[in-house]
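Try each task before you read its solution.

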Amino acid sequence: MKRFLIIFSLALLPLLSFATSQTTITEGTQYKAVDLTPSTPSRLTVPKGKILVVEFFSYGCPWCFKLEPSLEAWLKTKPKNVVFERIPVMFEQGWDVYAKAYYTAEALGVLNKITPDLFNAIHVKNKDLTSESAMQAFFASEGVSKKEFESAFDFSPGIGMELQRSNSLMMGYKVFVVPTVIVNGKYYTNPALVNGDDQLMMQVIQYLVDKESSGNVK
């Protein structure tokens, strides 16, 4: 009986995949319009002639870690007119360190190398990197000297400005669930809107990119 249930469950997988691929994407269900007000203090700047896709995320977020493989696969094949940006959020304890780590890695030119390793260290190896000393040790394991790390993490005014911008955008766009992906500053989706389905979330993002490219979002 148990073997039958396993086989039956496996047989359902293609059907479930097919059902996901046939999902009708509609505003108000899988994605929503961004709610901005005239008093919104900071807004995303969409480059002329481009489609801006922004992921609000944190290294400490398990749903961000879960989405990462699907997102990275999409980034390798995304349309050429798409500009992708990540914005780290800081609304959980210790996430300020993760946000500073993101901008530190970016400033030091090691962001692409650091990102997958940092996600794995936190969510696979269960390391607590929410203190500066722990994060410095992690960067050292990635080949970044203590002096290089501290010069960016502690003394870079540019990082302080990026953190202020991140917080302002998070508040302005009312981002309190991560990952939240905003397309062209107009529409957003997140795991809650797609019932935690990573593949569907990427389909929604591509749908919005296509519609924005054609100027016919509905």
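Helices here are DSSP runs of H or I with at least four residues, and strands are runs of E with at least two, numbered from the N terminus. Keep in mind that this is a predicted model.

**Exercise 1. Work out how the strands are arranged in the open sheet: what is their order?**

Step one is the order, which goes β1-β5-β4-β2-β3, with mixed pairing in this open sheet of five strands. Step two is the edges: β1 (32-33) and β3 (82-88) each pair on one side only. Step three zooms in on one pair. Strand β4 (residues 180-183) runs antiparallel to strand β5 (residues 187-189), and three bridges link them. Within that pairing, valine 183 sits opposite tyrosine 187 of β5. Last, see what lies against the sheet: α7 packs on it and touches β2 (51-57) and β3, with its direction at about 100° to that of β3.

**Exercise 2. Classify the packing of helix α3 against helix α7: at what angle do they pack?**

First, get the geometry. Helix α3 (residues 95-107) and helix α7 (residues 157-172) pack at about 130°, and their axes are 10 Å apart. Now compare with the cut-offs: 65 to 115 degrees would be roughly perpendicular and over 145 roughly antiparallel. The two helices are therefore oblique to each other. As for handedness, α3 passes α7 in a right-handed crossing. On the α3 side, the contact uses Ala99, Lys100, Tyr103 and Thr104, while α7 brings Ile159, Glu162, Leu163 and Ser166. Sort these by class and you find four nonpolar, two polar and two charged residues.

**Exercise 3. Decide about asparagine 190: is it buried or exposed?**

Find it first: asparagine 190 is in the loop between β5 and α8 (198-214). Its relative accessible area is 7%, and buried means under 20%. So asparagine 190 counts as buried. To see what surrounds it, leave out residues up to four places away in sequence; asparagine 190 then touches Val177, Pro179, Thr180 and Met201.

How values were computed: Residues numbered from 1 in each chain as written. Predicted model: local features only at pLDDT ≥ 70, side-chain atom pairs only at ≥ 80, totals over all residues. Heavy atoms only, no water. Axes fitted to C-alpha atoms, helices over the stretch in contact; angles between N-to-C directions. Parallel < 35°, antiparallel > 145°, perpendicular 65-115°, else oblique. Left-handed = near helix turned anticlockwise from the far one by under 90°. Contact = heavy atoms within 4.5 Å. Nonpolar A, V, L, I, M, F, W, Y, C, P; charged D, E, K, R; others polar. Pairing = 2+ DSSP bridges. Buried < 20%, exposed > 50% of the residue type's maximum accessible area, 1.4 Å probe, protein only.
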